Amino acid sequence: MANMKPINSLINGRLAFFQEFMKHPLQIGSIIPSSRFLERRILEAAAIASAKIIVELGSGTGGTTRAILRAMPQHAKLLSIEINPNFHSLVSSIEDDRLIAHLGNAFWLKEITSMYGLGAVGADLSAMPFGAESNRG
Ligand SMILES: C[S@@+](CC[C@H](N)C(=O)[O-])C[C@H]1O[C@@H](n2cnc3c(N)ncnc32)[C@H](O)[C@@H]1O
């Protein structure tokens, strides 16, 4: 039964993603979260392994967040910003001291990084849809 937990959380994450997409299609921008394959490609392109401060814009249900945490150094910090409260609550449940899960608008990135006393960002991963610009406010 121990193996059921990751499967359940995968199904719950996908269901939550679909439900939120139906409510806010332009803000979510995709009907399903990124695949494992896409997660790997994103991590390769962003040079996570050598970064000290990583920022994820639009963490969704946390699949990409978990993938970044697996790939990043032990002493690095990950700031994951998500505008959707239901997604934010899923990401907040990830137990990892390196993760700062922030509920808010990623367009306020500068203010948010200084709020947490973070220095220069080493890797910046954005999964926000093109229509997300209209969320500025
Ligand atoms: C296409 S999903 C990607 C989710 C996840 N990173 C993945 O790859 O599966 C885009 C995410 O960006 C979030 N988002 C959209 N506009 C945002 C904004 N202005 N600030 C923070 N998050 C935003 C959405 O709520 C959604 O979770």
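Modeller: The largest nonpolar core has 19 residues, and the ones that touch the most other members are Ile48, Ala51, Ile54, Ile68, Met72, Leu78 and Ala123. Keep in mind that this is a predicted model.

Ile54 sits in strand E1. Is Ile54 buried or exposed? With 20 or more other C-beta atoms within 10 Å, a residue counts as buried. Ile54 has 26 of them, so Ile54 is buried. Setting aside neighbours within four places in sequence, Ile54 is in contact with Ile48, Ile68, Met72, Ala76, Leu78, Gly122 and Ala123. Leu69 is 15 residues from Ile54 in sequence, and their C-alpha atoms are 9.8 Å apart in space.

Now hop over to Leu78, one of those contacts of Ile54. Not counting residues up to four places away in sequence, Leu78 touches Ile54, Glu56, Ile68, Leu69, Met72, Arg98, Leu99 and Ile100.

Next, the sheet. Four strands make an open sheet, in the order E3-E2-E1-E4, and their pairing is parallel. At the edges you'll find strand E3 (99-103) and strand E4 (123-126); each has a single partner strand, so one side of each has no neighbour in the sheet. From one strand to the next, the twist averages 15°. As a bit of background, strands in a sheet pair through backbone hydrogen bonds.

Zoom in on where E1 meets E4. Strand E1 covers residues 53-57, and E1 and E4 pair in the parallel sense over four bridges. Along that pairing, Val55 stands opposite Asp124, and Leu57 has Ser126 as its bridge partner.

What about the two faces of E4? In a regular strand, side chains alternate between the two faces of the sheet. In E4, Ala123 and Leu125 make up the covered face, while Asp124 and Ser126 make up the uncovered one. Ala123 is also one of the core residues that touch the most other members.

Over by E2 and E3 there's a helix to spot too. Helix H5 (residues 85-92) lies across both of those strands, and runs at about 165° to E3.

Notes. Residues numbered from 1 in each chain as written. Predicted model: local features only at pLDDT ≥ 70, side-chain atom pairs only at ≥ 80, totals over all residues. Pairing = 2+ DSSP bridges. Axes fitted to C-alpha atoms, helices over the stretch in contact; angles between N-to-C directions. Contact = placed C-beta atoms within 7 Å. Core = buried A, V, L, I, M, F, W, Y, C linked by C-beta atoms within 7 Å. Buried ≥ 20, exposed ≤ 12 C-beta atoms within 10 Å, placed from the backbone.
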